[in-house]
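Hi everyone, thanks for making time.

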Amino acid sequence: MDVATISGLQSKLVLLADVLQKVEERATAGQLALEMIHEIKNPLEALGHLTYLASQEADDPDKVRTYMRLAEEQMMTLDHVVGQTLGFARSSQAPKPIDLAILAEAALRIHQRMIDTRKIRLVKELPQGLVAEVYRGEILQVISNLIVNALDALPADGVVCIRLRKRRGEIHVLVADNGHGIPAEHRNEIFQPFFTTKADRGTGLGLALSWKIIEHHHGRICMRSSVHPGRSGTIFKICLPAKAESIC
């Protein structure tokens, strides 16, 4: 195969990777939006009850004012949920400072029903104030990918942990599970495009795109895993440059 052909194929692969990244980012935002619908239902129902009660107590101004104040609180909750969802769904043209605890919580919400259904024990250490300058949708996608990989590796009643911490001017995002682990012979391949151990359930693109996204953010992503019975599991760690004001 000549140099021109190889160069052409490489260009097409780069273009394909960019397209796939955009598709996965939009899919992640769509999943988040679906989960947000469940959060919207409760305040909407509360609003319906409060407006009904206010209409029934129209002759009592004090009660009407109380119901309207409570209704206003529900409206504020709705505004926050909708605004947050739209913020994650929009493709940002430039990186922006964001508290990574907010992104981690949003990624967890995408998979909360699976966590609850399978009775997975969730351990969170998400201190606020750890700010990085990132493309929100892309980092949301990466954290979501790592969470779903952890869940796929777990039996029912397993444990998944997600932690944030600061180390030497970096913010570390750690996602760990006590699942079956990744065999040594596969550990050098997991970030390669189209490599998967999930048979027909995986595309083999999630970790490859995650690597590309973190590299684009001037960060690093690494993995440790064990398959030893009784202490098996996997830890993925994302390292991102901390925004200056979050460095202690």
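I'll go from the sheet to the helix on it and then to the cores. This is a predicted model, where local features need pLDDT of at least 70, side-chain atom pairs count only at pLDDT 80 or more, and totals for chains, interfaces and linings use all residues. Residues are numbered from 1 along each chain as its sequence is written, and side-chain values use heavy atoms, with hydrogens and water left out.

Let's start with the open sheet: five strands in the order β2-β4-β5-β7-β6, with mixed pairing. Strands here are DSSP E runs of at least two residues, helices are H or I runs of at least four, and both are numbered from the N terminus. Two strands pair if DSSP finds at least two bridges between them. At the edges sit β2 (121–125) and β6 (220–226), each pairing on one side only. Further in, β5 (170–177) and β7 (233–241) run antiparallel, joined by eight bridges, and His172 stands opposite Cys239 in β7.

Now, which helix packs on this sheet? That's α5, residues 136–153, touching β4, β5, β6 and β7; contact means heavy atoms within 4.5 Å. Is α5 mostly covered or mostly open? Covered: 15 of its 18 residues are buried, meaning under 20% relative accessible area with a 1.4 Å probe, protein chains only.

Finally, the cores: sets of buried Ala, Val, Leu, Ile, Met, Phe, Trp, Tyr and Cys joined through side-chain atoms within 4.5 Å. The largest has 42 residues, and Leu100, Ile139, Ile143 and Ile238 have the most contacts inside it. A second, separate core of six residues includes Leu50 and Leu78.

Conventions:
Axes are lines fitted to C-alpha atoms, for helices over the stretch in contact, and angles run from 0 to 180 degrees between N-to-C directions. Buried means under 20% relative accessible area, exposed over 50%, partly exposed in between (1.4 Å probe, protein chains only).
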